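User: I'm new to this structure and would like a close look at one part of it. Could you walk me through the biggest nonpolar core and what packs around it?

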Amino acid sequence: SLLSIALSSNVLDLTSNNFDEVVNGDKNVFVEFFAPWCGHCKALAPEYEIVADAYVKEANVVIAKVDCTVEKDLASRFGVTGYPTLKFFKRGKTEPESYNSGRTADDIVGFINRESGARGYIKKAASSVLQLDSSNFDSIALDTTKDVLVEFYAPWCGHCKKLAPVYEQVGKTFRSDKNCVVAKVDADGRRSWWK
């Protein structure tokens, strides 16, 4: 049914009943320790679902979560004092490594791939917004023969994430106009450009 499809998730729920069975050193396990009321956890949730989807076909990687409001003993056992807390249990080990890097699906998948040797892959939808980087910025954004709208965004920015579907719609609206280009630049990853 449609409801069961909407509620299905590739993120494994860990509890005190199954934690040690899953995190036993046989697989690479990335775990989010969260609280349902936490705003940062809620913001991470859709990105975390994308991460889990990236590893559906990888038998040696598990993407999991622990609800610390229910599983207080697990939270205490792993020193969780804030939410979300992300930890990586590398294959062959049962002690975690703390993950303190970016909170986008791309950041997390990149980390897991580097640490595990896995090949998790995020499927990207086709976009009507042109992605600019140092190889094409000047030739496109500074083209005086066209009207060019450029969004400078940061992948972690909540306002930018909220704007993304609206900006995509702007791209679709002007897609057939050969004199107009709708583009974007990951400004967080390009700070050296502005110096």
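**Inside the core**

The largest nonpolar core has 20 residues, and the members that touch the most other members are Phe30, Val51, Tyr55, Ile63, Ile108 and Ile112. A nonpolar core here is a set of buried Ala, Val, Leu, Ile, Met, Phe, Trp, Tyr and Cys residues joined through side-chain atoms within 4.5 Å. Buried means under 20% relative accessible area, exposed means over 50%, and partly exposed is in between (1.4 Å probe, protein chains only). Helix 3 (39-54), strand 3, strand 4 (85-89) and helix 5 (105-116) are the elements that give two or more residues to this core. Helices (H or I, at least four residues) and strands (E, at least two) are DSSP runs, numbered from the N terminus. Apart from this core lies another one, of 16 residues, with Leu14, Val29, Ala64 and Phe89 among them. As a general point, nonpolar side chains tend to be buried together in soluble globular proteins.

Before going further, keep in mind that this is a predicted model, where local features need pLDDT of at least 70 and side-chain atom pairs count only at pLDDT 80 or more, while totals for chains, interfaces and linings use all residues. Residues are numbered from 1 along each chain as its sequence is written, and side-chain values use heavy atoms, with hydrogens and water left out.

Let's start with isoleucine 63. It lies in strand 3 (residues 61-67) and is buried, with a relative accessible area of 4%. Not counting residues up to four places away in sequence, isoleucine 63 touches Asn10, Val11, Leu12, Phe30, Tyr48, Val51, Ala52, Tyr55 and Ile112. Contact means heavy atoms within 4.5 Å. Valine 51 is on that list, and, leaving aside its own neighbours within four places in sequence, valine 51 is in contact with Ile63, Ala105, Ile108, Val109 and Ile112.

Two strands count as paired if DSSP finds at least two bridges between them. Strand 2 and strand 3 pair in the parallel sense over seven bridges. Within strand 3, isoleucine 63 is the bridge partner of phenylalanine 30.

Phenylalanine 30 is worth a stop of its own. At 0% relative accessibility, phenylalanine 30 counts as buried. A search of the whole structure turns up 12 aromatic pairs. One is phenylalanine 30 with phenylalanine 111, an edge-to-face pair at 6.2 Å centre to centre, with 65 degrees between the planes. Since phenylalanine 30 lies in strand 2 (residues 28-34) and phenylalanine 111 in helix 5, the pair ties together parts that are 81 residues apart in sequence. For the terms: rings of Phe, Tyr and Trp (its six-membered ring) pair if their centres lie within 6.5 Å, and planes under 30 degrees apart count as stacked, over 60 as edge-to-face and the rest as tilted. Phenylalanine 111 is buried too, with a relative accessible area of 8%. Both rings belong to one aromatic cluster, formed by Phe30, Tyr48, Phe88, Tyr99 and Phe111.

That brings us to helix 5. In this helix, Ala105, Ile108, Val109, Gly110, Phe111 and Ile112 are buried. The buried residues of helix 5 pack against strand 2, helix 3, strand 3, strand 4 and strand 5 (97-99). The helix has 12 residues, which at 1.5 Å a residue should span 16 Å, and its end C-alpha atoms are 16 Å apart, which agrees. The expected span is 1.5 Å times one less than the number of residues. After helix 5 comes glycine 117, with a positive phi near 80 degrees.

One local detail goes with strand 4. Proline 84 sits in the loop between helix 4 (72-77) and strand 4. The peptide bond from tyrosine 83 to proline 84 is cis, with omega near -15 degrees. In general, most residues other than glycine have a negative phi, and most peptide bonds are trans.

Finally, the wider setting. The secondary structure of the protein comes to seven helices and eight strands. Of its 195 residues, 38% count as buried. Among contacts between residues at least 6 apart in sequence, 71% join residues at least 24 apart.
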